[in-house]
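I opened this entry to look up confidence, helix geometry and core packing. My notes follow the structure.

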Amino acid sequence: MELQYSDITRQVKQIVSLLASLLCLLVVLVSMLANFWFDDYIQDLCSSDQLPSFVPSFLRRFIKYTPKILLPVTVGCLDALYSNIAVSLNNWENYKHQRTYENWLVLKLIMFKFVNSFLALFYIAFYLQDFDRLKDTLAALLITKQIVGNFGEILGPTIISWVKVTIVRRTKRSRVEDQEDRKLSQVETESEKPRYDSSFDDYLEMFIQMGYVILFSAAYPLAAVWAFLNNIVEIRGDAFKLVNGVQRPFIKRVEDIGFWQEAFEVLSVISIVVNCSLIGIRGQIGRWFPHFSTGQQILFIIIMEHIFLSVRFIISRAIPDVPGWVQLASAKERYRRDQALKGMEKLMRSGKFSPGYIQSKVDTAMEMEKTTP
């Protein structure tokens, strides 16, 4: 009899995991507010020239940028910390199927990293309504994350594997006298490299970058240019990492990208709502149509938002998820498979399906291949 894990026990664990995640989100909120308070404090000191006398003169011009550098560092540290917490919580919930496990893990990571990465930007855009500050903060977060991410992906696994391989090589040289046996084989070299467990980090990176680009494109359109340049570097960086930095990954056949599809679709819908709201907050509707009242401007924003949502829905339905050439190739493959099965059934019914019959067919084919010029 197959052992069953109680659904009630798992649901209780899911509630505990939810509470733990909400506590982590509270930490994100407190750290963000502390960063903004520190930023205001530093700007007041710099504007009134009240910096302590022991601060060198060459640092006084750069010290006002300290909070903007500190925010991406805080976001990255909290991301790394919660990633470990999310994996531990997901393992503790004890899911039976791998797909269910991955979907719940993606949900935990997206929920936290969305808030951690974009909460400060939403706070500046909709509460402070300081669009110059929003542009500077978005640029700092996006560019810092891209630079640190690319260097971390390329240099991190490469340095770790180089150190481990060097230690193993020196150990083997001290134990083996034969010069030929001292050399490490490809298997020994790859065994010391870090494992490439899954594409979770790559999907998360693309999800966060897409959010930076499309959520606040009305305030900082240049984000798309930085993302494009980053993706050019990212392609070669990921290729270098997979070839040189980590163990050779095993191919896994999957039906689709799972919960990530819904995550990207939800993000695109949120981006339409956010950008239309930013256009309204910045007063662009009033500059376009000076004779509109406040109510008419709000109505215009709602209509514009619904038009964009309708266009997005039409495009998503007009473009098939599976290209036509893939559908045609799949249909041909199914047809050949069905014909092969029918031919096998005929051979079995006729009694010709025997080892001698198969061998004669193989010999005939080989003779024909030899005589063919």
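I took the bend at a residue as the angle between axes fitted to the seven residues ending there and the seven starting there. Helices are DSSP runs of H or I with at least four residues, numbered from the N terminus.

This is a predicted model, where local features need pLDDT of at least 70 and side-chain atom pairs count only at pLDDT 80 or more, while totals for chains, interfaces and linings use all residues. Residues are numbered from 1 along each chain as its sequence is written, and side-chain values use heavy atoms, with hydrogens and water left out.

Confidence: I looked up pLDDT, the predictor's confidence in each residue from 0 to 100. The protein chain has a mean of 81, with 86% of its residues at 70 or more. Helix α11 (residues 294-318) is highest at 89, and helix α13 (residues 355-371) is lowest at a mean of 59.

Helix α4: I found a bend of about 50° at Phe118. Just past the end of α4, Gln129 has a positive phi of about 55°.

Core: I used buried (under 20% relative accessible area, 1.4 Å probe, protein chains only) and nonpolar core (buried Ala, Val, Leu, Ile, Met, Phe, Trp, Tyr and Cys joined through side-chain atoms within 4.5 Å). The largest nonpolar core has 45 residues, and Phe118 and Leu134 are among those with the most contacts inside it. α4 gives the most to this core, 12 residues.

Leu134: I listed its contacts (heavy atoms within 4.5 Å). Not counting residues up to four places away in sequence, Leu134 touches Leu121, Ile124, Ala125, Phe216 and Ala219.

Technical notes
Buried means under 20% relative accessible area, exposed over 50%, partly exposed in between (1.4 Å probe, protein chains only). Helices (H or I, at least four residues) and strands (E, at least two) are DSSP runs, numbered from the N terminus.
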